[in-house]
Amino acid sequence: MSKIVIMESLGISAQELAARKAPFEAQGHTFVDYEKTTDRAALIEEAKDADAMILANMPMPGEVIAACDKLKFIDVAFTGVDHVGLDAAREKGIVVVDADRRKLDGMSRTHSHQGVIALCA
């Protein structure tokens, strides 16, 4: 199943985060939570084998995205994506969605979390 990395605190309680993860974990998906860092080598190490990445407003450089061979989806729990290396994501065919669930490049706004997991399966 999919490995989903949460690259920083999402500003919700541990209890709420656990409740949101539970349906996906029940399906066999795994989550790994990390503390926010700007160290590029650490970011690459944390995300290199992830299928999906969740972050809020921390910078996610294109160099890090380019090093993630399995990455298919980046969910930005924030409005806007100017802090994400979009060129690298486009080059690798990685879908990037912001907090309003707007896929970039004019794509549909209708993705649910189940659709996210389907992208990563």
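Colleague: Strand 4 first. Which residues point one way and which the other, and are they buried or exposed?

Modeller: Phe73 and Asp75 point one way, Ile74 and Val76 the other, and all are buried. Buried means under 20% relative accessible area, exposed over 50%, and partly exposed in between, with a 1.4 Å probe and protein chains only. Strands are DSSP runs of E with at least two residues, helices are runs of H or I with at least four, and both are numbered from the N terminus.

Colleague: What kind of model is this, and what are the ground rules?

Modeller: It is a predicted model: local features need pLDDT of at least 70, side-chain atom pairs count only at pLDDT 80 or more, and totals for chains, interfaces and linings use all residues. Residues are numbered from 1 along each chain as its sequence is written, and side-chain values use heavy atoms, with hydrogens and water left out.

Colleague: Back to the strands. Which way do strand 3 and strand 4 run, and how many bridges join them?

Modeller: They run parallel, joined by 4 bridges. Two strands pair if DSSP finds at least two bridges between them. Ala52 stands opposite Phe73, and Ile54 opposite Asp75.

Colleague: What about strand 5? In what sense does it pair with strand 4?

Modeller: Parallel, over 3 bridges; strand 5 covers residues 95-97. There, Val97 stands opposite Asp75.

Colleague: And strand 1 with strand 3? In what sense, over how many bridges?

Modeller: Strand 1, residues 3-6, pairs with strand 3 in the parallel sense over 3 bridges. Val5 has Met53 as its bridge partner.

Colleague: Which residues cover the faces of strand 3?

Modeller: Ala52 and Ile54 sit on one side, Met53 and Leu55 on the other. All four are buried.

Colleague: Now packing. How many residues has the largest nonpolar core?

Modeller: It has 22. A nonpolar core is a set of buried Ala, Val, Leu, Ile, Met, Phe, Trp, Tyr and Cys residues joined through side-chain atoms within 4.5 Å. Those with the most contacts inside it are Met7, Met53, Leu55, Met60, Ile65, Ile74 and Val84.

Colleague: Which element gives the largest share?

Modeller: Helix 4, with 3 residues. A second, separate core has 10 residues, including Ile6, Leu17, Phe73 and Val95.

Colleague: What does Leu55 touch?

Modeller: Leaving aside neighbours within four places in sequence, its contacts (heavy atoms within 4.5 Å) include Met7, Met60, Ile74, His83 and Val84.

Colleague: Where is His83?

Modeller: In the loop between strand 4 and helix 4. His83 counts as buried because its relative accessibility is 14%.

Colleague: Switching to helix 1. Where does it bend?

Modeller: At Arg20, by about 30 degrees, and Pro23 follows within four residues. The bend is the angle between axes fitted to the seven residues ending there and the seven starting there.

Colleague: What end-to-end span should helix 1 have?

Modeller: 18 Å for its 13 residues, and its end C-alpha atoms are 18 Å apart, which agrees. The expected span is 1.5 Å times one less than the number of residues.

Colleague: Which of its residues are buried?

Modeller: Leu17, Lys21 and Phe24. Just after the helix, Gly28 takes a positive phi of about 100 degrees.

Colleague: How many aromatic pairs are there?

Modeller: The count is 1. Rings of Phe, Tyr and Trp (its six-membered ring) pair if their centres lie within 6.5 Å; planes under 30 degrees apart count as stacked, over 60 as edge-to-face and the rest as tilted. Phe24 and Phe31 have ring centres 6.4 Å apart and planes at 65 degrees, so the pair is edge-to-face.
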